[in-house]
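Q: Could you take a close look at one part of this model for me? I'd like to know what sits there, what it touches, and how the pieces around it pack.

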Amino acid sequence: MNLRPLPVFTVVFSLGIAAASVLTLNPVFSCLLSAISLIIAATLSKKLPIAKVALLAVVFFLGFAYFSNTRIQPKCSINQIISSNKESITVKGRLMDEPVIKNSRMSFTLGLKEARSDNLVTSCCGKITVSLGGYCGPELSYGDELSLTGNLRKPPKLRYPVLRVISGGHVNKLASKKLFNLKKVSLELKKISGTIISAHLSGLAAAIVKAMVLGEKKDIPPLVADSMVKSGTIHILVVSGFNVGIVAFIGFLILKLARIPRQPRHCFAIAITVIYCFATGASTPVFRAAIMAIFFLIGNLLKREPDIGNSLSAAALIILILDPRQLFDIGFQLSFVSVISIVYLYPKLKALISEKIRGNRFLKPFLEGFLVSLAAWLGTMGFIAYHFRIFTPVTVPANIFIVPLASLITLCGFSLIAASLFAPFLAPLFSQSTEFLVAVILKLNNTFVNLPGAYFYLPNLGGWEWV
Amino acid sequence: MLGLTQQERQVVVFLAAVALAGLGINISQKLIPPVKKFVCAESNSVKININQASLEDILRTRAVPKKIAGEIIAFRDNNGPYIYLEQLKKIKGIKEARFNKLKEFFFAE
C-alpha cells in the first residue's frame, strides 16, 4: 500500500485545530503533550506502531496548541485595549489593502499603530475594518498612513472591529509610502486590468468579467448573485484553479515564445502565479490553486511526477499554518471538498458508465462535464445545505452548460486585457464576443432557475437536527 | 506550421475564433439593430419590474422594512404603475440611501 504521509499529517493537524475549537486546554499544556509525544516517537523509533501513533500525536497536539495560541490576543491588540464599543475614537495606522467603494461608502483594512480615546493615547496593534462615508480628500491606496476618527464597533460575527467614519468626519492622510513589493505590483496590475475591462464592456458585463478574472465582486448586482446561488453556479463568479491555470499557462507560453530557457521559464511562471494570487486578493480557492500550480511547476522542473493528493494536502497545511481559523471558513471547506470529491468520486462514477458510451466521441465531452459536476455536487451538497439552507437539484445540468461558457468568458476576459495592452485595435472585437457570452450565460442561468423544482429553501434547523 | 507546437496552434486558433466572432457580432448589430438586444448583457434582465413585483419580492430584497414595502404596493394600486423609479422617493420613509438600495433590485417599465 502506497501511503502518503502528508495527507495524513494534514488531516491530523486539522483534527487538532477542530478539537481546540471545542475543548479548552491551556496551549502550554498541549505544547507539553506534543513534546512528550515527540520524545516517545524519537526514543521508540524501532517500535514502529508506537512511533507512528506518537508522531501523529505530535502533529495533533501541535495543531491544538497552534489554534489555541491564535485565540490569545497580544496585550497591544485593539481588542484588549478597547473592551467595548467606543464613540469617537481616533486611530492611526496603515492601509493593508486597496480601498473598495460600494454604495458611496469606502471600506478598507487598517493596520493599527496608535489609538486615542478619552484623551489617552495608546500604542496598539491589530487590524480594523474602516467604513468611510462621503470622503472627498486625496486618493487613498495600499500603504498610505492615515489618522481617522469614528465610532468603533465590535460585531460578534466579524473578524475585525469596525470603525465607522461619518460623512465629513476626520480623515487625515499622514504619509503616502511608495511601497515597492510584490503585493503593490499585483494591485497596480489589477487596477489597470479593471480599467481595461470597464472601458470595453457594459456595466453588467464588466462586473461579471471582473469577478471571474480579477476576483472583484463588489459590482455584481445582488439579483445576479442570488440567481446563481439558486442554480448552484455561483462558483463561476469566484476566481479559482482554472484562472490560476490559465495565468500560469499564458505566462509559460509567452516565455516559451520568447525562447527563455527552461529553468528561468519555470521560475518566472511561478512568479507570475504568485503575482496573480496577490492581485485577486489571495482568497482560499486562489491560494490553494496557486500552491498546487507552484508544486506542479517545481515538480516539472525537477522532472518529478506531480501528485494531486500531496499538493492538495500541502496547500491545506500551508493555509492552516498561516491562519488555522480558515478550517471553519465555508470558502476553505467548499474549495477543498469540491477538489477532493472530483479527484476521488469522478473515476468511480466514470467506471459505472459502460465503455461503449464512454468511448463515444460526441458524448464524451458532455459525459465528462456531467460526471465532474455530479462528483463536485455530491461532495458539497451537504455543506451548501447546512450553510446556505438551499438544495439545488438543477445544479448538475446547469453546470454542464454554464461552466464551459464561464471558462470561455474567463479566456475572453484575459484575451481582452492582453489585446488592449499589445494590440488595442483588436480589443473591440474581443469585447463584443465577451459581451455576447455574458448575455448568453445570464439568459441560460435564468432559464435553469425558472425550471420547476430547480431549487428548494430548507428550514432553519440547528446542528444536530440535521442528522 | 510556423514552428508552433500543437498547444500554441490551439491558442492562436482560439484567439482568431474569438476575434472573428466579435467581428461577426459587430457587423450584425450594425446591419440588424434588434440583434443588440440579444448580444448585450442588459442590467434590466437581472432586475425586477417594480410594477410586477409582489410584496414578497420586495421583502426578499431586504432593502426596505415590511411597512414601507406595503406602502410601495399601495402607491402603485392607488396611483397606477410607476413610470420612473424616482417616484419611489415620494413614499414616506424612502430617502436617498433606501432608494439607492431599491435601484439595485428594481426597474420601472
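A: Let's start with what "contact" means here: two residues are in contact if their C-beta atoms, placed from the backbone, lie within 7 Å. Keep in mind that this is a predicted model, where local features need pLDDT of at least 70 and side-chain atom pairs count only at pLDDT 80 or more, while totals for chains, interfaces and linings use all residues. Residues are numbered from 1 along each chain as its sequence is written, and chains are lettered from A and ligands numbered from 1 in the order in which they are written.

The part I'd zoom in on is A:Ile236, in the loop between helix 7 and helix 8 of chain A. (Helices are DSSP runs of H or I with at least four residues, strands are runs of E with at least two, and both are numbered from the N terminus.) A:Ile236 counts as buried, with 22 C-beta neighbours inside 10 Å. The scale for that: 20 or more other C-beta atoms within 10 Å is buried, 12 or fewer is exposed, and in between is partly exposed. Leaving out residues up to four places away in sequence, A:Ile236 touches A:Met212, A:Ile402, A:Val403 and A:Ala406. For a sense of distance, take A:Val343: it is 107 residues from A:Ile236 along the chain, and their C-alpha atoms are separated by 19 Å.

Now follow the chain on into helix 8. Helix 8 (residues 241–257) and helix 15 (residues 395–422) of chain A have axes that come within 11 Å and cross at roughly 40°. That angle is why helix 8 of chain A is called oblique to helix 15 of chain A. Axes here are lines fitted to C-alpha atoms, for helices over the stretch in contact, with angles from 0 to 180 degrees between N-to-C directions. Under 35 degrees is roughly parallel, over 145 roughly antiparallel, 65 to 115 roughly perpendicular, and the rest oblique.

Which residues do the touching? From helix 8 of chain A come A:Phe242, A:Asn243, A:Ile246 and A:Ile250, and they meet A:Ser407, A:Thr410, A:Leu411 and A:Phe414 of helix 15 of chain A. By class, that contact between helix 8 and helix 15 of chain A has 5 nonpolar, 3 polar and no charged residues. (Nonpolar covers Ala, Val, Leu, Ile, Met, Phe, Trp, Tyr, Cys and Pro; charged covers Asp, Glu, Lys and Arg; the others, Gly among them, are polar.) The spacing makes sense, too: an α-helix has 3.6 residues a turn, so residues three or four places apart point the same way.

Helix 15 also turns up at the chain boundary. There, 24 residues of chain A are in contact with 23 residues of chain B. On chain A's side, the elements that give two or more residues are helix 6 (203–214), helix 7 (222–231), helix 15 and helix 16 (427–449). Helix 16 of chain A gives the most, with 9 residues. Sorted by class, chain A's side has 16 nonpolar, 7 polar and 1 charged residues.

For comparison, here's another helix pair in chain A. The axes of helix 12 (330–352) and helix 14 (residues 364–388) of chain A come within 7 Å and cross at roughly 145°. Helix 12 of chain A passes helix 14 of chain A in a right-handed crossing. The contact includes A:Leu334, A:Val337 and A:Leu345 of helix 12 of chain A, and A:Leu371, A:Ala375 and A:Phe383 of helix 14 of chain A. In total, the contact of helix 12 with helix 14 of chain A has 15 nonpolar, 6 polar and 1 charged residues.

A:Arg389 lies in the loop between helix 14 and strand 9 (390–391) of chain A, and its phi is near 55°, a positive value in a residue other than glycine. Most residues other than glycine have a negative phi. A:Arg389 counts as partly exposed, with 13 C-beta neighbours inside 10 Å. A:Lys303, in the loop between helix 10 and helix 11 of chain A, also has phi near 55°. A:Lys303 is exposed, with 6 other C-beta atoms within 10 Å.

Terms used:
A crossing is left-handed if the near helix is turned anticlockwise from the far one by less than a right angle, and right-handed if clockwise.
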